[in-house]
Amino acid sequence: MKLKNFLTFEHSYAYSLPEQVANAIRVAIFKGDLKPGDRIVQDEIANSLSISRMPVREALQKLNAEGLIEIKPNRGAVVKQISLSDITDTYQLRVILEKVAVKESLPKLTAMDKIEIESLVKKMELADDPEDYTFLNKQFHQNLMKHCSNQKMMKIIEGLWAGFSPYTPYIIDEQMSNSNNDHTKIVIALKEDNFEEIHALIETHILSTEKSLMKYLRDNEIVSVDN
């Protein structure tokens, strides 16, 4: 496999170099370009991108923490099999915790907060690049939860966002369009201070993304049904 086929750094103003490397490898795993058991060699990646080994090493450590690869003695980094249970667990926890965080944050949102949230939705509607979109999308969700005071819970949510969640626009057709529709509904409910509706929309939004991701991974035989 030629690494340059899937490792690119276009439109990456928002991310550090290790994050860009991690994202390229992550998407390659989700697309099936890198398969379970494939080795990821630091030197090959560094040489193909004309960068040092340090950002590659940091990227692999991040992917190892996410459970997408395993760093083995004498073998280096190896792609792990993605399991359905890993995905289900992640999205179930996101629903539970993000609804709690949003519930506390919503009554504290200022008029300027709401303007910023609506502005992010408008920017996402204009975005045609998955990398730009994922950056804006994360900001959108973070702003909805920004006034949650439980910092330990927010760190857990941040961890759940690593891995599968932000990167569905790279691999799923119509994901950006579907998400934009959900986001618009949330903004409408926010203008009406209809917090109960927002809680329901958040749950629907997260679970519909999970369903689309599971279908994609099954259809492309990228996921394991055990565990």
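Modeller: Happy to! Let us start with Asn143, which touches Ser105, Leu109, Glu116, Ile117 and Leu120, leaving aside residues up to four places away in sequence. Please keep in mind that this is a predicted model. Asn143 has its place in helix H6, which covers residues 130–144. Is Asn143 buried or exposed? Its relative accessible area is 15%, and buried means under 20%, so Asn143 counts as buried.

Ile117 belongs to the H5 side of a contact between H5 and H9. Helix H5 spans residues 111–126 and helix H9 spans residues 175–191; the two pack with their axes 10 Å apart, at an angle of about 160 degrees. Angles over 145 degrees count as roughly antiparallel, and H5 and H9 are therefore roughly antiparallel to each other. The crossing in which H5 passes H9 is left-handed. Which residues make this contact? From H5 come Lys114, Ile117, Glu118, Val121, Met124 and Glu125, while H9 brings Asn180, His183, Thr184, Val187, Leu190 and Lys191. Sorted by class, the contact of H5 with H9 holds five nonpolar, three polar and four charged residues.

Now for the loops on either side of H9. Glu174 sits in the loop between helix H8 (168–171) and H9. Most residues other than glycine have a negative phi. Glu174, although not a glycine, has a positive phi of about 70 degrees. With a relative accessibility of 54%, Glu174 counts as exposed. Asp193 is not a glycine either, yet its phi is positive, at about 55 degrees. Its relative accessibility is 41%, so Asp193 counts as partly exposed.

Let us go back to Asn143 and jump to another part of the chain. Gly32 and Asn143 lie 111 residues apart in sequence, and their C-alpha atoms are 33 Å apart in space. You will find Gly32 in the loop between helix H1 (17–31) and E1. Gly32 is buried, with a relative accessible area of 13%.

Three strands form an open sheet, in the order E1-E3-E2, and their pairing is antiparallel. Which strands lie at the edges? They are strand E1 (39–40) and strand E2 (69–72), each of which pairs on one side only. E1 pairs with strand E3, residues 76–79, over two bridges in the antiparallel sense. Here Ile40 stands opposite Ala77 in E3. Helix H3, residues 53–66, lies across E1, E2 and E3 and runs at about 115 degrees to E2.

One last stop is Val41, in the loop between E1 and helix H2 (42–49). Val41 has a relative accessibility of 26% and so counts as partly exposed. Along the chain, Val41 and Leu60 are 19 residues apart, and 9.8 Å separates their C-alpha atoms.

Methods
Residues numbered from 1 in each chain as written. Predicted model: local features only at pLDDT ≥ 70, side-chain atom pairs only at ≥ 80, totals over all residues. Heavy atoms only, no water. Axes fitted to C-alpha atoms, helices over the stretch in contact; angles between N-to-C directions. Helix = DSSP H or I, 4+ residues; strand = E, 2+ residues; numbered from the N terminus. Parallel < 35°, antiparallel > 145°, perpendicular 65-115°, else oblique. Left-handed = near helix turned anticlockwise from the far one by under 90°. Contact = heavy atoms within 4.5 Å. Nonpolar A, V, L, I, M, F, W, Y, C, P; charged D, E, K, R; others polar. Pairing = 2+ DSSP bridges. Buried < 20%, exposed > 50% of the residue type's maximum accessible area, 1.4 Å probe, protein only.
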